[in-house]
Amino acid sequence: MDGTMSSSRLDAGIEPPAEKVGHQFAVHGWLTGTTTLEGCTVRIAGSPAGLSLAPDQGADRATLRWTARPSTPVPPGRQAVELVGPNLRTLAVGYVDVGGEDEPLGLLELDHPLPEATVEGDVLPVRGWALLDGCAPSAVDLLVDGAARARARIRIPRADVAEALPDFPDAGTSGFEATVPLDLPPGTEHRLSVRVRIRNHLTGEWTSPARFCTVRVPDRDAEDESLAAELSGRSRALLDRVAGPADPRHVLVFAHSLRLGGGQLWLQELLTGLVRQHGWTATVISPMDGPLRQDCMDLGVPVHLTSPYAVDTVPGYEGQVAELALLARSTGAGVALVNTLSAFPGADAAARAGLPVAWAVHESFPLSTFAYEHWQPSGVNPTVRARWERLLGTTEHLLFVADSTREMFARYAAPQRTRTVRYGTPMVRFGGHTSDRAKREARRALGLPEDGLIVLNVGIMEPRKGQVGLIAAMDRVRWARPDVLLTVVGHHPSEYSLATSDLVAAKGLEHWVNLVELQRDPVPWFRAADLFVNSSDIESLPRSILEAVCCGLPVVASDVFGAREVITDGHSGWLFEPNDVDALTVALLRALETPAERRREMAAEAYQALAGWLDPAGYVTEYSGVLAELSKGEGKP
C-alpha cells in the first residue's frame, strides 16, 4: 500500500486523500501490532498534527484506525504526512496535495466588523488579513451594500498572523484595511453585507462569503445644538471686551503639528518665505510639538503650544475654541492661516476673533473618512462635525495644492472661495538635471554601488506610503532586472518599518532592497538615483515627485489626485493603480524596459511641463498676496 512501512512489531499505513485538499483537512491511516496510539505522533508539513482514534474502527480488531488533522493551516503544495512510532522511528510516510481544484484557496479573517455587530458612524471600517494560496494578495476589494467598490490598503503588518502561521512567509504582512464611506442619512439604521474579494497574480481571485452588520448613523443631538449656541454666544461676549490694534502684516498660523512631515515642511518653507522675503510677522499655534518649533524660533516666530484639538464633545470644543479666539485677538494679528483639515478649530477661533482666514487643505479624503482615521475611536461629535462643514463653506479662502482635491471639496464652498496654489521645492535649483559626475559623487558619499540602476522611494514609512507593496513588487522585478537596487529612504522605529525589514530578510532581498533611515535632507539620495517611484495610496500633490522631477529623475507614481496632474502616463512618466502590487510591478517593468535615453527624455518633458511653478518663491508670493488682500478686507469673496 502507498506510504506503508513495517517493523518487527508494528505495521502502519497512511491513506492520503485522492483529491487536492484545502488548508485544513483530515488524513486517515491504520496501525497494527498495538492497541493504543500512545507514543505515536503525526507530522504534517513538518508540524505536529492532532492525532486521534477514528470513530469507525471497522471489523478487524487487530487494526487500529486513526485520524490526523493539522493544528494550523497547511501551506499550498505537495506536503508530507509522517507517522512516527514510540521509538521515534518513522512508520509510514504519505503525501497530500494542498491547493484548489477550480479556484485558489483563500484564508481570510475579518477583525472588523464582527458578525451581526452594530457599528456607529457614517463610515464602515473594515480590517482583517488574507492569504490567497498562501501568498499575500496583490489587491483587496471591499464590496459593501450601498457603497462603491473600495480598494483596501494592503500589506499591513500582522505579527499575530505571522506567529499563528509560521509556515506562510507572507503572513506577517497579510493585513488589509479600509474606511468605506457610506451615503446614509443621519439618524437611520441599516443592515449591510460585506464581502472581500482578493486577487493574486499567480492564482487568480477569490471572494469571501458575506458578513452582515448593522450601521447606525448618529444624528445631531438637540441638547448639544442648544449648548453649542449658548457657549458660542458666551465666547463672543468675552471677545467683545478684548480689543486692540491689528497689524495687517501679522499672520496668525494654526498648525496641526510641528513634527517632520510633508504638510509641516510645506508650512515651514512658506513661513520662511513670508517672513524673510515678504516682510510678514507671524505667530504659530500648534497642538503638537516637534523639531520645527526650533525652526520657527530661529525665524523669530513665536510658538504657542496648546492641547490636542478637542472635537469629541461640545463643551470641550467650545471651551478650547473660546480660549484660542481670545489668544488670537490678543496677538494683534490681522489675518489667519490654517494648515490642514484637522486644524479646523483654528479656523473657527480666528473667525470668532474677527480675523479673515485662508485655509490650506492638503488632504484628499472625504470628511467622514478623514474624521474616522484622524480621531478614532472617539470621533467627531455630530454638532462639531456640522460646524466643521459650515466653516468650509464660510471661510474666506480655501486653498488647495491640486485641482482634483479642490473638486472633491466643491460641495462645501462656492467656487469663488476656492483656489489651487501648487507649491514648489527648493530643489528647482537643479534645473531638472543631475550630471553623471554629480551622480557618481553622490553614490560614493552614500556608499551606493557606482554601477547598476538605483530605484528610489522617499517618504516616512507608514501604511499609506505603500513601501511593503513596493518591496513585494521588487521581489518580482529582480528576476527580470537583477541589476536594480531599490533604495527606500524613510525607515524609523515603528511597527510598519520593522515589518519592511522583516520582509526583506524573509525574502532574501538584501542585495536588491536598501532601507535607509528618515533623512531631513534627502537631496543626495535624489542625486544618486536613476528612477523614482511613489507608491502612496493617498496624496494630494506628492512633494517627493516634484523633488524627483527637479533632479532629472523619471517618475513611476500611483495614479492619485495631484500625481496625475503632474505626470502623464507614457509621456512624462508611468502611472499605476494604487494598492495593486500587480499594477506596480508592471509599471516598474515598463519604466525599466524603457531605454535609458528615452527615460531621460521623459524626465526632461516632466520638468518642462512643471517648470513654470516649481520655484517655491512663486507659491510664497501668491500666498502673501492672498493674505494681504484678506487683511485689507479686499480678498473676501
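Analyst: Happy to. Cys213 is buried, at a relative accessible area of 0%; here buried means under 20% relative accessible area, exposed means over 50% and partly exposed lies in between, with a 1.4 Å probe and protein chains only. Keep in mind that this is a predicted model: local features need pLDDT of at least 70, side-chain atom pairs count only at pLDDT 80 or more, and totals for chains, interfaces and linings use all residues. Residues are numbered from 1 along each chain as its sequence is written, and side-chain values use heavy atoms, with hydrogens and water left out.

Staying with the cysteines, a search of the whole structure turns up 0 disulfides, a disulfide being a pair of cysteine sulfur atoms within 2.5 Å. Cys550 is in no disulfide, and its nearest cysteine sulfur, in Cys551, is 6.8 Å away. Cys550 also counts as buried, with 0% relative accessibility. For the chain, buried residues make up 54% of the 637 residues.

Next comes a sheet with helices across it. The secondary structure of the chain comes to 18 helices and 31 strands; these are DSSP runs numbered from the N terminus, helices being H or I with at least four residues and strands E with at least two. At the S21 end, S20 (residues 281-286) and S21 pair in the parallel sense over 3 bridges, and Val284 stands opposite Val303 in S21.

Axes are lines fitted to C-alpha atoms, for helices over the stretch in contact, and angles run from 0 to 180 degrees between N-to-C directions.

H3 and H18 also pack against each other. H3 (residues 262-276) and H18 (residues 616-631) meet at an angle of about 70°, with their axes 9 Å apart. H3 and H18 are therefore roughly perpendicular: 65 to 115 degrees counts as roughly perpendicular, under 35 as roughly parallel, over 145 as roughly antiparallel and the rest as oblique. From H3, Trp266, Glu269, Leu270, Gly273 and Leu274 meet Tyr619, Val620, Tyr623, Ser624 and Leu627 of H18, where contact means heavy atoms within 4.5 Å. These residues divide into 7 nonpolar, 2 polar and 1 charged; Ala, Val, Leu, Ile, Met, Phe, Trp, Tyr, Cys and Pro count as nonpolar, Asp, Glu, Lys and Arg as charged, and the others, Gly among them, as polar.

A second open sheet has 4 strands in the order S9-S11-S15-S14, with antiparallel pairing. Its edge strands are S9 (106-112) and S14 (153-156), each pairing on one side only. S11 (residues 123-132) and S15 pair in the antiparallel sense over 7 bridges, with Trp129 opposite Gly175 in S15. Ser174 sits in the loop between H1 (159-164) and S15 (175-181). At 2% relative accessibility, Ser174 is buried. Leaving out residues up to four places away in sequence, Ser174 touches Gly128, Trp129, Ala130, Leu131, Ile156, Arg158 and Val161.

Finally, strand S6 (residues 63-70) is mostly covered, with 6 of its 8 residues buried. S3 (residues 27-32) pairs with S6 in the antiparallel sense over 6 bridges, and Trp30 stands opposite Arg65 in S6. S5 (residues 47-53) also runs antiparallel to S6, joined by 5 bridges, with Leu51 opposite Ala68.

Notes
Two strands pair if DSSP finds at least two bridges between them.
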